[in-house]
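Let's take a walk through this structure together, going from one residue out to the whole fold and back again. Keep the viewer open as you read.

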Amino acid sequence: QVQLVESGGGLVQPGGSLRLSCLASGSAFRLFDMGWYRQAPGKQRELVATITFLGKTNYADSVKGRFTISRDNAKSTVYLQMNSLKPEETGVYYCNQRATNAWGQGAQVTVST
């Protein structure tokens, strides 16, 4: 069973930036599509961005042009660079390996003054 561990969350002011990282266990990371989701307080979990094993990316309309998903297969890590953050993007951000439906424990992101 693959394990995913997110890091890089924290408190940031509106308009600021954060980069999340998700480290995956196992040796087959390069073969799997990966995704980032988020869950705001009192709301359902929603898709933020995905990246295929070939590196093709897809984004929720609300984050296009501000967020960038990337991967480093040598480090078994997927990243989410988040720029121009908004208060409504506060929540827990989760890493997901799509084929195995594995989830990380989540990283708290708080956008506030």
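**A cysteine to start from**

Cys 95 has a relative accessible area of 0% and is therefore buried (buried means under 20% relative accessible area, exposed over 50%, and partly exposed in between, with a 1.4 Å probe and protein chains only). Before going further, please note that this is a predicted model, where local features need pLDDT of at least 70, side-chain atom pairs count only at pLDDT 80 or more, and totals for chains, interfaces and linings use all residues. Residues are numbered from 1 along each chain as its sequence is written, and side-chain values use heavy atoms, with hydrogens and water left out.

Cys 95 belongs to strand E9; helices (H or I, at least four residues) and strands (E, at least two) are DSSP runs, numbered from the N terminus. Setting aside neighbours within four places in sequence, Cys 95 is in contact with Leu 4, Glu 6, Cys 22, Met 34, Gly 35, Trp 36, Val 78, Ala 102, Trp 103 and Gly 104, where contact means heavy atoms within 4.5 Å. Leu 23 is 72 residues away from Cys 95 along the chain, yet their C-alpha atoms are separated by 9.1 Å.

**The whole protein**

Now zoom out. The protein has 11 strands and 0 helices. Its radius of gyration is 13 Å, close to the 13 Å that the globule rule gives for 113 residues, so the protein is as compact as a globular protein of that length. That radius is taken over C-alpha atoms, and the globule rule is 2.2 Å times the number of residues to the power 0.38. Along its principal axes, the C-alpha trace spans about 40 × 25 × 25 Å.

Of the 113 residues, 42% are buried. Among contacts between residues at least 6 apart in sequence, 54% join residues at least 24 apart. The accessible surface comes to about 6100 Å², with 48% of it belonging to carbon and sulfur atoms; these areas come from the Shrake-Rupley method with a 1.4 Å probe, and for residues only the protein chains shown count as cover.

**An open sheet of four strands**

Which order do the strands of the open sheet follow? The 4 strands run E1-E3-E8-E7, with antiparallel pairing; two strands pair if DSSP finds at least two bridges between them. At the edges are strand E1 (4-7) and strand E7 (67-72), each pairing on one side only. From one strand to the next, the twist averages 15°; the axes behind such angles are lines fitted to C-alpha atoms, for helices over the stretch in contact, and angles run from 0 to 180 degrees between N-to-C directions.

Strands E7 and E8 (residues 77-82) run antiparallel and are joined by 6 bridges. Tyr 79 is buried, at 12% relative accessibility. Beyond residues up to four places away in sequence, Tyr 79 touches Arg 19, Leu 20, Ser 21, Trp 36, Thr 68, Ile 69, Ser 70 and Asp 72.

Thr 77 also lies in strand E8 and is buried, with 8% relative accessibility. A polar atom of the Thr 77 side chain lies 2.8 Å from the backbone oxygen of Lys 75. Among the residues that Thr 77 touches are Ser 21, Cys 22, Phe 29 and Ser 70.

**Two loops with positive phi**

Ser 76, in the loop between E7 and E8, has a positive phi of about 50° although it is not a glycine. Ser 84, in the loop between E8 and E9, has a phi near 50°, again positive in a residue other than glycine. Ser 76 is buried at 14% relative accessibility, whereas Ser 84 is partly exposed at 39%.

**Strand E11 and its partners**

In a regular strand the side chains alternate between the two faces of the sheet. In strand E11 (residues 107-111), Ala 107, Val 109 and Val 111 make up the covered face, while Gln 108 and Thr 110 make up the uncovered one. E11 runs parallel to strand E2 (residues 10-12), with 3 bridges joining them; Leu 11 has Thr 110 as its bridge partner. E11 is also joined by 3 bridges to strand E9 (residues 91-97), this time antiparallel. There, Val 92 stands opposite Gln 108, and E9 brings us back to Cys 95, where we began.

Technical notes:
Polar contact = N/O pair within 3.5 Å; in protein donor to acceptor, adjacent residues only side chain to side chain.
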